[in-house]
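Subject: Structure handover

Hi,

Here is the structure I promised to pass on to you. My notes on what turned up follow below it.

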Amino acid sequence: MLTFIGLGLYDERSVTVEGREALREADRVFAEFYTSRLVGADVADLEAYHGVDVEVRDRDGVERDPEPILDAAASGDAAFLTAGDTMISTTHTDLRLRAEEREIDTRVIHGVTAQSAASSLTGLQNYRFGKATTLPFPYAHGGDDVPASVIETIEANRERGLHTVVYLDIKVGTGPTGPDPDHEEYMTADVAAGLLADNWGDELAVVVARAGSPDAVVAADRLSALADREFGDPLHLLVIPGDLHHVEADALVGLADAPESLVEE
């Protein structure tokens with residue numbers, strides 16, 4: 001059996017009860033934290049709290065050399081951990097399909113996602129979100145601006161009146177000059193707002209910082225204003241709202257301190 005377990009958003013306790021039981025019952029436990037991470041716990045915290053040894057795999061160790069994971073699942077019960085939900089935003093469908101091809105049973109135990117938390121924290125209705133996008137570091141796409149694909153996604157959603165979640169780039173094990181095992185970098189919301197302000201400087205945006213943590217931050221203002229603020233430790237994301245229902249407008253004022261004149265525009 002290979003069980004994919006989403007750990008949720010914050011620390012070693014954020015996993016569901018079902019996920020906790022599967023994690024503790026596994027013969028071997030693997031994890032990847034190059035796509036996201038728990039902001040309130042490290043691997044040692046997970047190991048101590050759940051009484052397990054966690055084998056962390058880098059990107060190549062999951063995507064190009066999954067055999068140790070599959071072998072462990074073929075001979076016993078293996079768990080594969082990721083922050084958030086294991087099949088949302090970052091998909092490990094390829095690994096699951098490889099397991100199925102070897103006639104290894106698989107199951108998925110979901111965790112809270114950043115997108116669902118963003119809807120909950122901002123008061124923006126989840127069914128009014130369109131396609132999400134990821135804003136990369138400029139060096140990651142070979143330019144010094146916002147990729148056309150990001151602009152096109154936001155504009156397409158805006159034309160339909162839909163909100164856009166903008167995930168912010170994470171670089172673990174790869175830096176500006178290429179592979180670097182010691183490199184760990186997280187784009188912050190002020191940097192992202194500054195990049196997007198070149199296209200939509202006076203448009204409303206919402207920062208969500210450290211969703212799932214005790215000190216989560218939600219702040220709404222013009223992109224140009226958000227670019228001049230600091231929001232503390234990662235992880236951050238941005239939401240670019242589309243058309244606002246009056247309840248959503250009230251929520252942004254009441255929950256995110258949005259200027260009333262801005263949500264009324």
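Let me begin with helix α4 (residues 67–75), where Ile69, Leu70, Ala72 and Ala73 are buried, buried meaning under 20% relative accessible area, exposed over 50%, and partly exposed in between (1.4 Å probe, protein chains only). These residues sit on the same side of α4, because they cover an arc of only 160° around the axis; the arc is that of the directions from the helix axis to the C-beta atoms. They pack against β1 (2–6), β2 (28–31), α3 (59–63), β4 (78–82) and α5 (93–101). Contact here means heavy atoms within 4.5 Å, and the helices (H or I, at least four residues) and strands (E, at least two) are DSSP runs, numbered from the N terminus.

Before I go on, a word on the source. This is a predicted model, in which local features need pLDDT of at least 70 and side-chain atom pairs count only at pLDDT 80 or more, while totals for chains, interfaces and linings use all residues. Residues are numbered from 1 along each chain as its sequence is written, and side-chain values use heavy atoms, with hydrogens and water left out.

Now to the cores. A nonpolar core is a set of buried Ala, Val, Leu, Ile, Met, Phe, Trp, Tyr and Cys residues joined through side-chain atoms within 4.5 Å. The largest one has 24 residues, and Leu135, Leu196, Leu223 and Leu238 have the most contacts inside it. At least two residues of this core come from each of α7, β7, α8, β10, α9 and β12. Which element gives the most to this core? That is α8, with 7 residues. Apart from this core lies another, of 21 residues, among them Leu237, Ala249, Ala258 and Leu262.

Helix α8 (residues 189–200) has Ala189, Ala192, Ala193, Leu195, Leu196, Ala197 and Trp200 buried. The cover over these residues includes β6 (133–135), α7 (148–159), β7 (164–168), β10 (204–209), α9 (223–226) and β12 (236–240).

Strand β12 deserves a look of its own. It is largely enclosed by the rest of the structure, since 5 of its 5 residues are buried. His236, Leu238 and Ile240 point one way from the strand, and Leu237 and Val239 point the other way. Two strands count as paired if DSSP finds at least two bridges between them. β7 and β12 run antiparallel, joined by 4 bridges, and Val165 has Val239 as its bridge partner. β10 also pairs with β12 in the antiparallel sense, over 4 bridges, with Ala209 opposite His236.

His236 itself is buried, with a relative accessible area of 7%. Beyond its neighbours within four places in sequence, His236 is in contact with residues including Leu168, Met187, Thr188 and Phe231. Its side chain also reaches the backbone oxygen of Gly232 at 3.0 Å.

His236 comes up again in the UniProt record. The "binding site" annotation there, from an unreviewed entry, covers Leu9, Asp85, Ile88, Thr113, Ala114, Leu168, Ala211 and His236. UniProt positions are given in the numbering used here, feature names are shortened, and annotations may be inferred rather than shown by experiment. Thr113 is found in the loop between β5 (106–109) and α6 (114–122). Is Thr113 buried or exposed? At 14% relative accessibility, it counts as buried. Not counting residues up to four places away in sequence, Thr113 touches Leu9, Asp85 and Ile88.

Finally, some backbone geometry for you to check. Most residues other than glycine have a negative phi, and most peptide bonds are trans. The peptide bond from Pro234 to Leu235 is cis, with omega near 10°, and Leu235 is found in the loop between α9 and β12. Glu103, in the loop between α5 and β5, has a positive phi, near 60°, and is exposed, with a relative accessible area of 73%. Arg210 also has a positive phi, near 55°; it lies in the loop between β10 and β11 (217–222) and is buried, with a relative accessible area of 9%.

Happy to talk any of this through.

Best wishes

Note on methods. A polar contact is a pair of N or O atoms within 3.5 Å; within protein, one must be able to donate a hydrogen and the other to accept it, and residues adjacent in sequence count only if both atoms are side-chain atoms.
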